[in-house]
Structure formats: structure tokens, C-alpha cells
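Here is a short briefing to read with the structure open beside you.

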Amino acid sequence: MGHLLSKNGYRLKKRTRKLHHRKKKKRNCFLQLPCMLCFIVHSNSSGLDDEGDHLEAGINGSACRHSITGISVPGVGGVGSGAAAASKLAERYATLTSPEDCSKFLLSPRELAIWEGQGRSLLSAVPAKLVPLPVLFRSAGVSVNVPLPVPGSTSDHTEMVCKRKCSEVQRCTPCKQPRCAFAAPDGVLENGGVGGGGGEAASNSETGHCHLPICPLPSSSTSSSSASSSSSSPADGCCGLGPHADLPHSSDSSPCCLQHYDDCQARSSDTTDHSSINHLPSSILLKVLSHLTVKERCLCASLVCKYWRDLCLDFQFWKQIDLSGLQQVNDDLLVKIASRRQNVTEINISDCRGVHDHGVSSLASHCPGLQKYTAYRCKQLGDMSLSALATHCPLLVKVHVGNQDKLTDEALKKLGEHCSELKDIHLGQCYSITNEGMVALAKGCPKLQRLYLQENKLVTDRSVRAVAEHCPELQFVGFMGCPVTSQGVIHLTALRNLNVLDLRHISELNNETVMEVVRKCRNLSSLNLCLNWSINDRCVEIIAKEGRSLKELYLVSCKITDHALIAIGQYSSTIETVDAGWCKDITDQGATQIAQSSKSLRYLGLMRCDKVNEETVERLVVQYPHIVFSTVMQDCKRTLERAYQMGWSPNTSNTS
């Protein structure tokens, strides 16, 4: 502004134009307008050295800050203004001849205060296009805050530059840095920012400059002393740095912003380090660990860290406990499990030879909510363990105790008395069970849905009749190897929900009984007649015609020929699995015609059907790839193919 009001302004304007052309530096303030103080310092810093003390009384040598907030000018009050003072000021201004004198005159505290108070009278003779910046702001209802200097300041004149300027900004590679907590969001900056900072932020983003958090501008309501202290003290919430203060050439870089920048960098690296599995929610980790066995969780996963140990002890894992095949399991372990985990609902102790009746009884007394109990091949267990389960666990729905020689009718009576919710029971190869126990069980468990007996030599037609009368919800029935006859099997026709029927190795089973069961049980989907020499081609033909829901038919070692296979392919549209292994009268004709005529067939078992040539089977495999043909050669080929897929090779086998 000094050169605009001086008498030699034109010459100074030419000189500054040359100077700007030589330096090619942008000397604009944060508000993108000419700055009175900065222009004088940048253009005439060499001529101010001899009057440094006088200038220190009028300006702050460390910063020049602008804020557009109101109409007041802090730090200027205290000096009287009037017509006499204004006239004297105008006379003194008219006598000045050099730009340096004009700038010194206008920047002195006393003359500056008078000029701010009577600016229009002072500049009435100046043309409108030469009206300085503060007057323009005041005419628009906006003020310019010029902080007064701190007494005793000895700052160098070269530092008298606007800290919000874009000068000396170097190009750098665009980078994304984390915003500070007090920085405006990206959307605010794009819309112009707050307090005029958005313009510079946008310009920096366009030029590719690195972005650091922009400190807030000083408020116009602060006093001159607080403004100067805030400019020099970063502890008040503003570090006193502009967007380019982190550059190496900035002499007034504050460690506050740099430290904050490092903190943001560290926080950014912390947020990206989420590759650890422990950052997943505990529910997901529990789901992952649920796919492990008890042995893997206890001996492997729980030893990873304390967090995983706590997860492995979650009650969900100890609701269903599978201890099958673990020889180190004994009664003491079951007692500990029962005392610590009383919410066990399912336990499997199959093949645990170290568990006895005492341990199972203790588990039953502590876990009244037990629902599923499995103990295959635990020959050391007897009636005591099953009776305790029936007494203390009335919610039992599944009891699988196959191959327990010591089990008798007493345990079955306890189950019938206390476990009315029982739905699934497996008593295969429990040779001491008789009809008395089976009748008591059938009467006390009307909700029974699955019943499987195997080689129970003391179970006869009486038991079959009892379960058919008292358990109408039966869906799965098996009497493999039991001394049951057609007179007992015929009672199964009353089971309208029967889905799976296993009649393997029934010595006295005739074709009429089987055909009647198939006619009456319309929901029957699987029928196993293996090892019954009485089943012939006529029986299979009726089964194919009447079994509208039948999908699986097992005829291993039955007295059937090619006519049975031809009838299945001709009359059945639902059967998908047919196993005719060990049927000596099956030939190429039967295998070929069932493959050609059946639209639903997916598996044909021809194991040890010696009259079927392997060449015929090879041709059928090519012609009907959707059907799996089971022979000795075909099964060997599939086994080798699976081995190759898993990485096995003959060379490695020979070397090993």
C-alpha cells in the first residue's frame, strides 16, 4: 500500500515488477489479496534495516495474520482521533517524497491509529482505484486484524512474511495422510472450508501438495497480546504453521505439528495392522474353533495364547463333547467335566475303555439337561450307567449303546419309566436284551422315531408287534439278524410314516409280506433286503411298481436274475440306487437294459456278478456317465484316481 500512496509509486511499481519477474514467486496472502505489510517487507526490506527499531514498534515481525470476522480492529484503540489530528496527518503525509518514508509513516502506531479512525478524510484526495485494502474491507462491513507487536521483539525483517502464504511451496508427490481429529472433513474442504481455509486446501489438492492438518485461524475477539501469544505458543491448540510448514526450508517449523504428524502416521499404521485373526469378533472365532475336535482344541488351539484358551473353554464347546476313541479318558475326567460344565447336552464316549459305570453315573447326576448319549463298544458298561442316565436325565432323546454285552432289560425299563421324550435308540448286538425290555421301552416311549436292532437273538415277533402298536411315529426300523419272521414284520404295515426299513438276514421272510409292506407304507424310500434268499424276481417287480417313493433298493445275495433289473428300469421312475452284488444270475443283458431304460438310476452295484463282462461295463461307463457302476475293476480305478488327486504316485510309493 505504501507505493500506491507515495509520489514515486510508478517508479517503484516498475522496480517491483522486475523483481517479481526475476524471482517468479507468488507473494499473495492467505486471502489471495495484496497484503500491505508483506508487500512492503518483500519489496523494500533492504531499505528498512536502518529503521528496524521504529518498525518493531508498529508491526509484529514474526507473522501477519488476517481474519475476516467483524468490524473491530483490536490493538488500535487508545489514540484519540479528530478533525485537527486528521488535518495535521494529511499535511505531514503531503511532505513525504520517498516510498520508504510513506511506509514508515503509515506503519507507526500513532499515525496508523489515526489513519484507521479517519481513513476516509485522510485518503479523500487519492483516486478510487488506489484505495488501499483495509478501506475496501471496511466499506464492505469487514475488518482486518493486525496484531500489535510484543515489546522487545528482535525478529529479523526477512521473517516478516505472511505465514498463510503459498510462497516457497515445493512440488511433491501426492500422498494420503491421516487427518487430525480437529481437521475439517474432506467434504467441508471441498465446499470451501471454514474461515477461508478451504480455498488453500483445495489449491493444494490441485497442485499435488502433501496435506497436513490446517490449524484454525486466530479469532478476531482475542486481544493483541493473546493473538501474539497464540502465534508463538502451539500449546494453545494452534501450532502456528501453515500447510507448507513441514517443508525443510521452513525456518519456523513447530515440533507440535510434526509430532502430531508422526502420531497420525503411527495411528495409520496401527489401523492397517488388522491381519491378525484375533481382531475377528469372538463369535466368528468360536465358529472357526467349533470345526476342531476336542483333542485339537485342548492340545493345540488352547495353547496358542490366553485369549484362545478362554475361547476353547467357552460353554458352547462343552455342550457337545466328543471323546470317542480317546483311551486316556477315564472316570476322573468325566467327573471333572460334569463338575465344571453342567450344561452338557451331548456326549460321545465310544471306544473309551477307561470309562466305567461310576464315571457315567457322576456325569448323569451333574448334567440333568443331557439329551444325546453315545457309547458304542463300551463292553465294560452295564445297567448302572444307563439306569443313572434314565433317572437323572429325563430329557434324553438319543441313546446309542450298541455292542454292550452287560446291558439287560432293567436298563430298558428305566428308560421307559423316565424318558418319555426318547426318539432314537440303538441296541445292536446287546445280546442280553429280551422281549420284556423291548415291550417296556415301546410302551414308555411313544415318541420313538428310530429303532435299530442287530443280531439281538432274544428279540422276536413280540417286540416287533409292540413297537408297531405303541410307537406310531417310527420312521426308521431295523431288525438285521434278529429271529423275526413274516408274522412279526407284517405288523409294520401300520407305520404310515415308515421311511427306512432294514430287513437284512431275516430267515423267515416271504415275498408276500415284503410286497404288502411296500403297498401299505407309501412313504418308504429305502428298503434293504440283502441276504434274503427268498426274494425273487416277482417280488422285485411288485416293489418297482408299488414303491412310488422308493429311491434305494438293496438286493445283495438275493435270488434274482436279469428280469428283476429289467423290471426296475421299466416300471420305476424314482429308484436311484440298485445294489445287486453277489447275484450270480445277473448277466450283461440285465445290466445293459436297466441302464438304457431307467431315467432315474444313478448307481448300479454289480460287485462279484461274475456273468457280467468287464468290457460291457466299460462300454456302459462311456455311454452313461451319469451312472456309477460298481465292480471290482471300476472301484479300483476310482480308488487310484482319488489317490492321484491327493498327490500319490507309484514312484514315491516304491521308494518309500
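In this predicted model, helix H27 (residues 588-597) packs against helix H28 (residues 614-623) at an angle of about 5°, and their axes are 10 Å apart. Because angles under 35 degrees count as roughly parallel, H27 is roughly parallel to H28. The points below start with this pair and then move to other parts of the chain.

**H27 and its surroundings**

- On the H27 side, the contact is made by Asp588, Ala591, Thr592 and Ala595, and H28 contributes Thr616, Arg619 and Leu620.
- Sorted by class, this contact of H27 with H28 has three nonpolar, two polar and two charged residues.
- An α-helix has 3.6 residues a turn, so residues three or four places apart point the same way.
- Which residues of H27 are buried? They are Asp588, Gly590, Ala591, Thr592, Ile594 and Ala595.
- The cover over those buried residues of H27 includes H28, helix H26 (562-571), strand E12 (603-605) and strand E13 (628-630).

- The axes of helix H20 (residues 409-418) and helix H21 (residues 435-444) cross at roughly 10° and come within 8 Å.
- H20 is therefore roughly parallel to H21, given that the cut-off for this term is under 35 degrees.
- H20 brings Asp409, Leu412, Lys413, Leu415 and Gly416 to the contact, while H21 brings Glu436, Gly437, Met438, Ala440, Leu441 and Gly444.
- By class, there are five nonpolar, three polar and three charged residues in the contact of H20 with H21.

**The second largest pocket**

- Which helices each supply at least two residues of the lining? They are helix H15 (294-299), helix H16 (306-312) and helix H17 (331-340).
- H15 gives the largest share of the lining of this pocket, with five residues.
- The lining of the second largest pocket is made up, by class, of 12 nonpolar, two polar and six charged residues.

**Loop residues on either side of H26**

- Leu555 sits in the loop between strand E10 (552-554) and H26.
- Is Leu555 buried or exposed? Leu555 counts as buried because its relative accessibility is 0%, with the cut-off for buried at under 20%.
- Apart from neighbours within four places in sequence, Leu555 is in contact with Leu529, Cys530, Ile535, Val540, Ile560, Asp579, Ala580, Gly581 and Cys583.
- Ser573 is found in the loop between H26 and strand E11 (577-579).
- Ser573 has a relative accessible area of 63%, so this residue is exposed.
- Ser573 and Lys545 are 28 residues apart along the chain, and their C-alpha atoms are separated by 9.3 Å.

- Thr345 has its place in the loop between H17 and strand E2 (346-348).
- With 18% relative accessibility, Thr345 counts as buried, because the cut-off is under 20%.
- Setting aside neighbours within four places in sequence, the contacts of Thr345 are Lys319, Gln320, Gly369, Leu370, Gln371 and Lys372.

- Most residues other than glycine have a negative phi.
- Asn403 has a positive phi, near 60°, and is a residue other than glycine.
- The loop between strand E4 (398-400) and H20 holds Asn403, which counts as buried at 15% relative accessibility.
- What is the phi of His505? His505 is not a glycine, yet its phi is positive, about 55°.
- His505 lies in the loop between strand E8 (500-502) and helix H24 (511-520), and is partly exposed with a relative accessible area of 46%.

**The chain as a whole**

- The secondary structure comes to 30 helices and 13 strands.
- The chain has 656 residues, and 45% of them count as buried.
- Among contacts in the chain with a separation of 6 or more, 74% are between residues 24 or more positions apart.

Methods
Residues numbered from 1 in each chain as written. Predicted model: local features only at pLDDT ≥ 70, side-chain atom pairs only at ≥ 80, totals over all residues. Heavy atoms only, no water. Axes fitted to C-alpha atoms, helices over the stretch in contact; angles between N-to-C directions. Helix = DSSP H or I, 4+ residues; strand = E, 2+ residues; numbered from the N terminus. Parallel < 35°, antiparallel > 145°, perpendicular 65-115°, else oblique. Contact = heavy atoms within 4.5 Å. Nonpolar A, V, L, I, M, F, W, Y, C, P; charged D, E, K, R; others polar. Buried < 20%, exposed > 50% of the residue type's maximum accessible area, 1.4 Å probe, protein only.
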